[in-house]
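Thanks for asking me to look this one over. Here are my notes, point by point, for you to read beside the model.

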Amino acid sequence: RMAGDRCLPEFFAEKNAWRDTPHYTILVFFGVCSSMCILLDGDITLLAAIYSISFLLVMGLFAFCGLWLKINRPTLPRQINTHPMFFVFGLILVSLAFTAVVLLHPEMLTYFYIYYGITTTMVMLTFARVSIFSSVLTLLSHSKVARFVIQWFVHKDVAQTWVKSKLQSLRNQAVVYFTKSASVSQINRALQYIEQNEEAKSVKVIHVYSDEDSIPPNLVEYVQLLDCVYPKIRVDCILVKGEFSPAMVQYISKRISVSVNSMFINCPKIDFKHSLDRMGGVRVILNSEKGSLLEGRGTPNVSPIRRVGGQDGPIIPAADSEQLKQP
C-alpha cells in the first residue's frame with residue numbers, strides 16, 4: 001500500500017506474474033525478520049520485547065489516528081461511532097504498557113531505532129526522488145569527478161539515459177481529483193496539496209454527472225483559470241456521464257490509465273451511498289467546504305460547453321477538457 005501511495009520505492013508493489021503476490025515485499029520482510037533473529041541470537045524473550053514495542057506503537061497510532069479523524073474528518077461516514085474519550089483512554093493504557101516494556105528491556109530501544117531509522121530513510125529518499133535524480137544529472141553534466149567515479153561502474157551515457165527515463169516517468173505520472181461542484185477555492189486547495197505532496201505534473205479534474213443540467217456551469221472555466229495559475233502542472237477537466245460509484249472509479253481508472261490510489265476526493269458526508277473500503281483505495285485529502293459565492297450565479301457569457309451536431313448531438317467540453325462516456 002505504501003509503495004502504491006509512492007511512499008516507498010515502486011518495486012515493493014511489483015507482483016509475481018505466476019502467483020500474483022508482492023514477492024519483493026515478502027523477501028524484504030523475511031530478510032528483516034531473519035536479521036533480527038541473528039542480531040538477538042534467537043533469544044525469544046528479547047524478540048518478544050522488540051515485537052511488543054512495535055505492536056504497542058501501532059496500537060497507539062490507531063488510538064491517535066482515531067482521535068485525529070474525529071477532529072479533522074467529522075463528516076466521514078462511520079459504521080461504528082465511538083466517544084473520543086475511549087480513544088484517549090486506550091492511548092493512556094497503551095502508553096502505560098509501552099513504558100513498562102521499555103523499563104523492563106531498555107536495550108531493545110537501540111535495535112528499534114536502527115530499524116525505524118532505516119525505514120524512515122527509505123521513505124524520505126522516496127519523497128526526494130525527483131530532487132535526487134535532478135542532482136545526479138547536474139553532477140554528471142558539470143562534474144568531472146562524478147563522471148570519473150560513475151565510469152568505474154557503468155558508462156556515463158547509460159547512467160544518464162537511465163536517470164532521465166526515471167525522471168521522465170515520475171513527471172509523466174497523472175493524478176485525478178473528483179469534484180462535485182464548481183468551487184474554485186476547493187479545487188485550488190486540492191492543487192496545492194498535489195503540488196506539495198505529489199510528483200505528478202498532470203492533474204485531471206473529473207466531474208461525474210447524471211444529466212446535463214447538473215453540470216456546474218463554471219467548472220471548465222475555473223479549471224482553465226487554475227491551469228494558468230499553476231504553469232508547472234497541466235490541469236485538465238473531464239466530464240463523465242453516470243453515477244459516482246466504485247464501478248465508475250474502476251472504469252475511469254482503466255480508461256485514462258491512472259491507478260485508483262492516485263485518485264483523490266473530498267471527505268464524504270454521512271449520506272454518502274458507498275463505504276470508503278469499497279472505493280478501491282481512493283484517497284481522501286480534503287474536508288468538504290461550503291460552496292463558493294460565485295458558484296451557480298447564472299450562466300457565463302461564453303458557455304464552457306459546446307454542442308456538436310445539432311440539438312441531439314453529443315456534448316463536447318471546451319479546450320483543456322474532455323468527456324468520457326460509459327459504454
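1. A definition to begin with: contact means heavy atoms within 4.5 Å. This is a predicted model, in which local features need pLDDT of at least 70 and side-chain atom pairs count only at pLDDT 80 or more, while totals for chains, interfaces and linings use all residues. Residues are numbered from 1 along each chain as its sequence is written, and side-chain values use heavy atoms, with hydrogens and water left out.

2. Confidence comes next. pLDDT is the predictor's confidence in each residue, from 0 to 100. The protein chain averages 81, and 87% of the residues score at least 70. Please take care with residues 290–321, where pLDDT stays under 50 and the model has 52 contacts beyond four places in sequence. Where pLDDT is low, the predicted coordinates should not be read in detail.

3. Now to helix 4 (108–127). Helices (H or I, at least four residues) and strands (E, at least two) are DSSP runs, numbered from the N terminus. Helix 4 has 20 residues and reaches 29 Å from its first C-alpha to its last, close to the 28 Å expected at 1.5 Å a residue; the expected span is 1.5 Å times one less than the number of residues. Its buried residues are Met-108, Leu-109, Phe-112, Tyr-115, Val-123 and Thr-126. They fall within an arc of 135° seen down the axis of helix 4, so they line one face of the helix. The arc is that of the directions from the helix axis to the C-beta atoms. Buried means under 20% relative accessible area, exposed over 50%, and partly exposed in between (1.4 Å probe, protein chains only). What covers the buried residues of helix 4 includes helix 1, helix 2, helix 3 and helix 5 (129–142).

4. Which residues of helix 3 are buried? They are Val-94, Val-101 and Val-102, and they sit on the same side of helix 3 because they cover an arc of only 90° around its axis. Their packing partners are helix 2 and helix 4. Met-85, Phe-89, Leu-96, Leu-103 and Leu-104 are exposed on the other side of helix 3.

5. The interior deserves a look too. A nonpolar core is a set of buried Ala, Val, Leu, Ile, Met, Phe, Trp, Tyr and Cys residues joined through side-chain atoms within 4.5 Å. The largest has 26 residues, and those with the most contacts inside it are Tyr-177, Ile-187, Leu-191, Val-203, Val-205 and Leu-219. At least two residues of this core come from each of strand 1 (174–178), helix 8 (184–197), strand 2 (202–209), helix 9 (219–229), strand 3 and strand 5 (283–286). A second, separate core of 18 residues includes Ile-206, Ile-238, Val-249 and Ile-252.

6. Asp-236 lies in strand 3 (residues 234–241) and is buried, with a relative accessible area of 5%. Its side chain and that of Arg-234 are joined by a polar contact of 3.0 Å. Such a contact is a pair of N or O atoms within 3.5 Å; within protein, one must be able to donate a hydrogen and the other to accept it, and residues adjacent in sequence count only if both atoms are side-chain atoms. Beyond four places in sequence, the residues that Val-205 touches include Asp-236 and Tyr-177.

7. Finally, two backbone angles. Most residues other than glycine have a negative phi. Asp-41, however, has a positive phi near 55°; this residue lies in the loop between helix 1 (23–39) and helix 2 (44–72) and counts as exposed at 71% relative accessibility. Ser-257 also has a positive phi, near 60°. Ser-257 lies in the loop between helix 10 (246–256) and strand 4 (263–266) and is exposed, with a relative accessible area of 69%.
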